[in-house]
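Please take a look at the structure below.

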Amino acid sequence: MIARPCSAALRLFLAALAPLVVTACDKPAQPIEQAMVADPDEWPSWGRTGTETHYSPLDEIDTGNVGKLKLAWHFDLEPGYTASTPLMAEGKVFLTTGHSHIRALDAVTGRQIWEYDGGTRERATSALQMSWGNKGIAYDAGHVFLVTTDGYVISLDAKTGREAWKTYDYPDAAPRNSNGAPRVFGGKVIVGFGGADISPARGFVTAYDEKTGKLAWRFYTTPGDPASPGNEKAEAIMRKTWPSGWTNPDGTRRGGGGTAWNAFSYDPELNLVYLGIGNGFPYNQARRSPGGGDNLFLSSIVAVDVNTGAYKWHYQVCPAEQWDCTATTDITLATLKIDGKDRKVLMQAPKNGFFYVIDRATGAFISAEKIAKVTWADHIDGKTGRPVENPGIRYAGKPGLFEVWPGPTGAHSWMPQAYSPLTGLVYIPVIEQGALIGDGQKGGGEITAGMGVTLIPEVELPGSHRSFLKAWNPVTQSVAWEVELPGNWPGGVMASAGGLVFQGQIDGKFVARDAQTGKALWSFKTESPIVALR
């Protein structure tokens, strides 16, 4: 990871967009949903709206004048982990740096208005709570919302930075950390956490009332006791897919995980929140679930009712996952014209190397194709929606190490993808990186004990350590254009109604490209690598 991605170029972009207004644009390639373009002058959430498109409807900066962009102001941040998404509301820029530190800046001048320290450094009880810092915050109705890396959910007055309420999210002492951005959907603050790489603890997602901080609901993503109220159906579905159970003879938990720390989207018409669920622990399914099974809801997208947290449907991208296969990358909502009909869909490019289009009302599989080198599966079956795995790819009980693509880095990690209805394309930061993995704990390269594997996550292989920006057509499931990027870790992406795609690079350049062709139209050299972006 990179230390200071929120650099001068990103500050320039925030300042340049603040005063713009919406003007007319050309006929879009795909239908534009109202939720996608709401409040054009604000960017109050990780993906701007619940559609998680990372799309700005502002079009005053376009392909014809983007070359005139100049630095408006800058604000120097302290050294440290700052892979966060700045927000824009009330004429202010809100950003979080390091571990739970928030600042409010005047969007026109860059002057600091207030700052707030979440106190993680004083409270942290483990290295996990002081590992990756916050990746984002949320804004709604005059308040800024934060989840500290050690589990406190906090509402701040956006004008003053004073606490409105504060609550604690973790129910027990299992190792966890929270570094993904919270979301505010339907009057609820939606939060998750990470930790499935080091512990079999049950994953869950929690919703709090945004006005009071009172617990609204909790949705568990792996089976166990107790079942959360209103989710008996989900519990019954999960239990069947863990046929040998999830506990050891002494009652301790043998298998679990399924943490959801990054991907949350929202459809207000369907009243559904979409949860992106992570990997299992141990990685080795033979140890996690000796009786086999799909192990739901690991590596799944799950739709729940925003008011109650009740289960509606699920789609699993990696049944019986064993490669750190997660579905925690952005879930993008859009309407696509497929076979002559408008389909309300969700789109995701998870770690496993495929790009998925799913019906977001029902969870029905529509299509999926590879966006990078994939060796664990040949294709996704069009009738069942399940992957057709390549022979011999499961390592349990076999000697030696196996080459697998993508590795645990993923073909697409947490860095945001973007969607433009003007072009109908999804812009994906893609990684080409394989790994070596095998049964047991012997040999070098294990990233933590207890996973049940020997893993070398970023091994030198032909074609590895590369990254790209790919413009993907979700209707035809094909690449429209691609650009190879410097380094092996691509920055997040945003698109605009000006026909532009903006992306930060690991070499410190902030680049604007033509959304139709990928041609670089403008760049600005910053003082540090850029990973996160609006």
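Cys-318, Trp-323, Asp-324, Cys-325, Lys-351, Asn-352, Trp-376, Val-404, Pro-406, Gly-407 and Pro-408 line the largest cavity. On a 1 Å grid over the protein atoms alone, a cavity is a set of points where a 1.4 Å probe fits but cannot get out; a pocket is an open set with protein on both sides within 12 Å along at least five of seven lines; lining residues have an atom within 4 Å of a point. This is a predicted model, in which local features need pLDDT of at least 70 and side-chain atom pairs count only at pLDDT 80 or more, while totals for chains, interfaces and linings use all residues. Residues are numbered from 1 along each chain as its sequence is written, and side-chain values use heavy atoms, with hydrogens and water left out.

The largest cavity has a volume of about 90 Å³. A volume is the space filled by probe spheres set on the grid points, which are joined across faces, edges and corners. The lining divides into seven nonpolar, two polar and two charged residues. Here Ala, Val, Leu, Ile, Met, Phe, Trp, Tyr, Cys and Pro count as nonpolar, Asp, Glu, Lys and Arg as charged, and the others, Gly among them, as polar. In total, the structure holds seven cavities of 30 Å³ or more.

Two of the lining residues, Cys-318 and Cys-325, form a disulfide with sulfur atoms 2.1 Å apart. The cut-off for a disulfide is a pair of cysteine sulfur atoms within 2.5 Å. The search of the whole structure finds one. The torsion about the S-S bond of Cys-318 and Cys-325 is about 70 degrees, so the disulfide is right-handed. Both cysteines are buried. Buried means under 20% relative accessible area, exposed over 50%, and partly exposed in between (1.4 Å probe, protein chains only).

Strands (E, at least two residues) and helices (H or I, at least four) are DSSP runs, numbered from the N terminus. Lys-351 and Asp-324 are buried. A salt bridge needs a side-chain nitrogen of Lys or Arg within 4 Å of a carboxyl oxygen of Asp or Glu.

How many salt bridges does a search of the whole structure find? The count is 18. One joins Glu-52 and Arg-183 (2.9 Å, N to O). Glu-52 lies in the loop between α2 and β1 (55-56), and Arg-183 in strand β10, 131 residues apart. Both are buried. Lys-92 and Glu-90 also pair (2.9 Å, N to O). Lys-92 counts as buried at 10% relative accessibility, whereas Glu-90 is partly exposed at 26%.

Next, the second largest pocket. Its volume is about 420 Å³. It is lined by 22 residues, with Pro-44, Arg-48, Thr-49, Gly-50 and Val-184 nearest its centre. The elements giving two or more residues to this lining are α2 (34-37), β6 (138-140) and β10 (183-185). By class, the lining has nine nonpolar, seven polar and six charged residues.

Finally, helix α4 (residues 232-240). Ala-234, Glu-235 and Met-238 are buried there. They cover an arc of only 100 degrees around the axis, which puts them on the same side of α4. The arc is that of the directions from the helix axis to the C-beta atoms. Lys-233 and Lys-240 are exposed on the other side. Glu-235 also belongs to a network of salt bridges with Arg-202, Asp-225 and Arg-239.
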